[in-house]
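Here are a few exercises to work through with the model open beside you. Try each one yourself before reading its solution.

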Amino acid sequence: MVSGFQRQHIQLHVDRQAWRSGRLPSNTLVNSIPVNSSGLVCKAVTAKDNFITVDQIKSAADDRGMALSMTTAGPFFKVQCRHSAIPVDEGDDRDADLVGEATGFTAPWFGILHLDQLRVFNSKIKKLAKTESVVNSQVSIQTTFGVGLLVGALAVKYAYDCGCTKAELLAIKDDDRWHARLVRYYSRLGFHAVREVGDNGLSDLPHLLVWGGAGTRMDADIELLIERWSNALRRT
């Protein structure tokens, strides 16, 4: 029998109820924590403690030669990602260096982050990747997925801090080929399809009014997104 307080090490952080019942939660983190003589965890650490912060997201963008910014007006927001390797001279397009953008609004009373758009300018990224200034620099241009991850992470973390629990978007269906690419892209980010909009008659009318077009409605759990994206941004 163990007497007094001893430090025993286990691989998974669990709460008191899960420890007593022998059940381990699926969203636990590997680490070492103290256990007292009764076999109860003295300090529980959940996945939320490892969530990336807004400052860390912006720092990750800065390390890659990009800058993230966010503007808000009431519940509405806009996140923009600009690349420092793209020169912007007076008289030029002010958005010449814009490589990614997300817009939408938060409705924390419903727990919803509504993403009107989450887009990456592929042509700029591909063109930039071939320029001499980027090839010769130590800062590599990010992929379409990488830019989308940075833009999406800032929007989702902002929504989480506002009290939102679910993110929703529409993979617009302008043509079948592009629609399929969007669904794959959003699925890779962590979203899942919940409804096809545009082929269900009057029952689709509310969705068409909200989203302004046909496509695949996709949702994601915000906490799971942040956990997944936190790990991805720290690895890259």
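**Exercise 1.** In which sense do strand 2 and strand 3 pair, and over how many bridges? Then follow strand 3 to its other partner.

*Solution.* Keep in mind that this is a predicted model.

Step 1. Start with strand 2 (residues 76–83): its pairing with strand 3 is antiparallel and covers seven bridges.

Step 2. Now turn to strand 4 (residues 112–120), which runs antiparallel to strand 3 and is joined to it by eight bridges. Here Ala102 stands opposite Leu118 of strand 4.

Step 3. Look at the connection. Four residues separate strand 3 from strand 4 in a hairpin, and Gly111 in the turn has a positive phi of about 75°.

**Exercise 2.** Find how many aromatic pairs the structure holds, and work out why the pair of Phe51 and Tyr160 is classed as it is.

*Solution.* 

Step 1. The count is six aromatic pairs.

Step 2. For Phe51 and Tyr160, the ring centres are 5.5 Å apart and the planes meet at 80°, so this pair is edge-to-face. The cut-off for that class is an angle over 60 degrees.

Step 3. Phe51 sits in the loop between helix 1 (16–21) and helix 2 (54–63), while Tyr160 belongs to helix 5 (residues 144–162), so the pair ties together parts 109 residues apart in sequence.

Step 4. Compare their accessibility. Phe51 is buried, at 9% relative accessible area, whereas Tyr160, at 22%, is partly exposed. The limit for buried is under 20%.

**Exercise 3.** Which residues have the most contacts inside the largest nonpolar core?

*Solution.* 

Step 1. This core has 44 residues, and those with the most contacts inside it are Leu68, Leu113, Tyr186 and Phe191. Helix 5 supplies the largest share, 10 residues.

Step 2. Zoom in on Leu68. Leaving aside residues up to four places away in sequence, its contacts include Ile57, Ala61, Val79, Leu150 and Leu154.

Step 3. Tyr186 and Phe191 also form one aromatic cluster together with Tyr185.

**Exercise 4.** Where does pLDDT stay under 50?

*Solution.* 

Step 1. Begin with the whole protein: the mean pLDDT is 75, and 67% of residues reach 70 or more.

Step 2. Values stay under 50 over residues 1–45 and over residues 134–141.

Step 3. Where pLDDT is low, predicted coordinates should not be read in detail.

Notes. Residues are numbered from 1 along each chain as its sequence is written. This is a predicted model: local features need pLDDT of at least 70, side-chain atom pairs count only at pLDDT 80 or more; totals for chains, interfaces and linings use all residues. Side-chain values use heavy atoms; hydrogens and water are left out. Two strands pair if DSSP finds at least two bridges between them. Helices (H or I, at least four residues) and strands (E, at least two) are DSSP runs, numbered from the N terminus. pLDDT is the predictor's confidence in each residue, from 0 to 100. Contact means heavy atoms within 4.5 Å. Rings of Phe, Tyr and Trp (its six-membered ring) pair if their centres lie within 6.5 Å; planes under 30 degrees apart count as stacked, over 60 as edge-to-face and the rest as tilted. Buried means under 20% relative accessible area, exposed over 50%, partly exposed in between (1.4 Å probe, protein chains only). A nonpolar core is a set of buried Ala, Val, Leu, Ile, Met, Phe, Trp, Tyr and Cys residues joined through side-chain atoms within 4.5 Å.
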